[in-house]
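Student: Could you take a close look at one part of this structure with me? I'd like to see how a single residue sits among its surroundings.

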Amino acid sequence: MKKFEILKIEALVYERFVTVKEIDSNKILNLYFVEYGETIGECYRREIGEIIEGEISIWLGNNIKTTSLDLMFLQSIENSPHLEAVVEVKQLLDERSFYAISSIQKKQILIEVEEKVDLKEGDRIYLKGELKIELKEYI
């Protein structure tokens with residue numbers, strides 16, 4: 001699990017969009033997560049400066065294409081968890097999910113895609129998706 005400091009937070013009912021700084025590397029990321037157990041009137045359970053901990057994944061993966069490009073990721077939309085990435089498939093879980101290595105973090109990252117994909121271990125792919133964190137307290 002990784003730890004992050006919240007730099008900015010936006011709330012939409014239970015959904016949270018945060019800009020965070022990874023504690024270990026100072027890498028800045030835009031993440032999405034769901035805050036469970038709140039009432040609608042309590043929009044900001046988390047605060048700027050707070051440390052959150054959890055597992056990062058890519059979800060809603062789409063536009064998947066094989067490539068020979070180097071591992072990379074780019075979040076070009078300000079304050080959005082949207083990303084473009086090149087990853088290398090390491091372990092297939094099913095037709096819509098797999099573990100991959102990426103430049104987002106040193107350990108493998110779970111990737112869930114919108115449509116069935118025909119991949120094999122070792123494939124290097126380009127994809128678009130959303131960067132998500134599953135908070136430790138909800139795992």
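Tutor: Threonine 19 is buried, with a relative accessible area of 12%; buried means under 20%, exposed over 50% and partly exposed in between, using a 1.4 Å probe and protein chains only. Keep in mind that this is a predicted model, where local features need pLDDT of at least 70, side-chain atom pairs count only at pLDDT 80 or more, and totals for chains, interfaces and linings use all residues. Residues are numbered from 1 along each chain as its sequence is written, and side-chain values use heavy atoms, with hydrogens and water left out.

Now find strand E2, residues 15–22, because threonine 19 lies there; strands are DSSP runs of E with at least two residues, numbered from the N terminus. Beyond its neighbours within four places in sequence, threonine 19 is in contact with Glu5, Ile6, Leu7, Lys8, Ile28, Leu29, Asn30 and Asn79, where contact means heavy atoms within 4.5 Å. Take leucine 29: 10 residues separate it from threonine 19 in sequence, yet their C-alpha atoms are 5.7 Å apart.

Stepping back, the chain has 9 strands and 0 helices. Buried residues make up 38% of its 139 residues.

Note on methods: Helix = DSSP H or I, 4+ residues; strand = E, 2+ residues; numbered from the N terminus.
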